[in-house]
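I opened my notebook with the viewer beside me. Here is what I looked up, entry by entry.

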Amino acid sequence: MNPWVILKALFLREIKLALHRRANILTLGYFYIMIATLFAVSMNGDAKALQSIAPSALWVSALFAIMLSLNHLFTDDFTDKTIEQLLLAPAPLSMLVAIKIFVQWLTSAFPLILATPFLGIQFGMGAAEIGSLLTSLLLGTPTLTLIGAIGAALTLGTKGSSILIAVLIFPLYIPTLIFGSSAANATLFGHSAEEALVMLAALLIIGIITIPYAVAVSLRIALE
Amino acid sequence: MKINWYKYSSPKTFAPLAEKLAPRFLSVSLILFISGLYVSFFVAPTDFQQGEAYRIIFIHVPAAWMSMFLYLVIAFWNIVGLALKSRLSFMFAQSIAPTGAIFSLIALTTGALWGKPMWGTWWVWDARLTSELILLFLYIGYMLLQTAFENQQRADRTSAIFALIGSINIPVIYFSVVWWNTLHQGASISLTHAPSMALTMIYGMLLVGLAFWSYSIGIACLRVCYRIQIREQSIIRLTQAKGKADALE
């Protein structure tokens, strides 16, 4: 069978499943807004201080929300054995994994980005700052989902895995978080965000090339 | 003389060797450590800027070296383990991890103790401190992941993959923090110490470094022996249980 047919079928299946669970997508967006609100409330209404932490707070909130969404990436397929079908399918496992990760990003991180401008306004950010925050999130969150997929694949089948995923992937998230939040901060403090955005793009490209392969290796180990 | 190296790649033949090697490495480490401390306290000159308090670097610097070096050793043994499917390599890598974590903890705490009198602060988020802290997190993640599985083979290989990904990530983390520090260079503290260092200071650090190195090998050998015993016992228990179950049928 043509591998493209399989890839397309998997893409459609993943989208269909995600739409079936649309309550999850909304819950995740709601969770993101709640963490951001907690940041705002903890600043005790100091508008100036709130504005200065806004890019960092929104980046950390997005990171938390993305991390919490990872639990479902492979576990459902693992329990109903679909994942074994993926292993046997006549298409490279890394490509199949890449599709799953892309749909995961589309249904977990992308809605958060859509909600971000409203939170930005609440945090007192200007249009330029919101713009660079959105760009940094668009370039950075796919890397977060990719790295998270490694954590999800490594911990597949363990009990209490969501805490374990967090402990494993937080250190790996640091470079993305640094470049992402500093791109948004640069605009806030009147610097150019270009350099940080280029770094984010570089991380993303390296991630797209290498991580699906690493995830495929981890999945094979998990299913041996 | 031809040595059959593969002979020692099996846990059963390696255990007696490790048991023999461990006390030797540990005693060498003790001798080196004492001589290193002697050099650092009585031979090395007093620093004209930092006074006597600088002497903590004779622990701090070697501990930081070892914490990074041991992570590379772990990555190396994990690659060997994944490539050759040798259980012993994984066991060795896992036996090094606690020592590496302890050294990074020592590096962080001695760094804080050194920083307070010298620069007036316990902690700054500069590249070295942040990467060392992340290194500690990676060690802890690696050790936690080993305990998460009931299947030993899965635990070995999964944690090996994580250790490898971490080792790729460390330079990236270091680079990203350096980059962020050069970007927001405020009234930050430069941690680069006196440009010209007395040769005796370097000897002192090298001696302590070698002591730590020897200690790491010795203690890793002991841990490997312990691990081999534990795994053997669990296999014996399983076969006994299976024998009982068969007898009942």
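How many residues does the contact take from chain A and from chain B? I looked this up before anything else, keeping in mind that this is a predicted model. The contact takes 26 residues from chain A and 26 residues from chain B.

**Entry: buried area.** I turned to the area next. Chain A and chain B bury about 2300 Å² between them, and 77% of that is on carbon and sulfur atoms. On the side of chain A, the residues that lose the most area to chain B are A:L154, A:L172 and A:I221, together 24% of what that side buries.

Entry: I then asked which residues form the salt bridge between the chains. The count between chain A and chain B is one. A:E224 pairs with B:R157, and their closest N and O atoms are 2.7 Å apart.

**Entry: which helices touch chain B.** In chain A, helix 7 (127-154), helix 8 (161-188) and helix 9 (194-222) each supply at least two residues of the side that touches chain B. Helix 8 of chain A gives the most, with 10 residues. I sorted that side of chain A by class and wrote down 19 nonpolar, four polar and three charged residues.

**Entry: helix 9 of chain A.** I checked its length against its residue count. At 1.5 Å a residue, its 29 residues should span 42 Å, and the end C-alpha atoms are 40 Å apart, so the two agree. Helix 9 of chain A also has a kink of about 35° at A:I208, shortly before the proline A:P212.

**Entry: helix 3 of chain A.** I repeated the check on residues 47-69. These 23 residues should span 33 Å at 1.5 Å a residue, and the end C-alpha atoms lie 31 Å apart, which agrees. Here I found a kink of about 55° at A:I53, shortly before the proline A:P55.

**Entry: helix 2 of chain B.** I finished in the other chain. Helix 2 of chain B (residues 57-84) has 28 residues and reaches 40 Å from its first C-alpha to its last, close to the expected 40 Å. Just after this helix, B:K85 takes a positive phi of about 55°.

Note on methods. Residues numbered from 1 in each chain as written. Chains lettered and ligands numbered in written order. Predicted model: local features only at pLDDT ≥ 70, side-chain atom pairs only at ≥ 80, totals over all residues. Heavy atoms only, no water. Contact = heavy atoms within 4.5 Å. Buried area = accessible area lost by both parts, 1.4 Å probe. Salt bridge = Lys/Arg side-chain N within 4 Å of Asp/Glu carboxyl O. Helix = DSSP H or I, 4+ residues; strand = E, 2+ residues; numbered from the N terminus. Nonpolar A, V, L, I, M, F, W, Y, C, P; charged D, E, K, R; others polar. Expected span 1.5 Å × (residues − 1). Bend = angle between axes of the 7 residues up to and from the residue.
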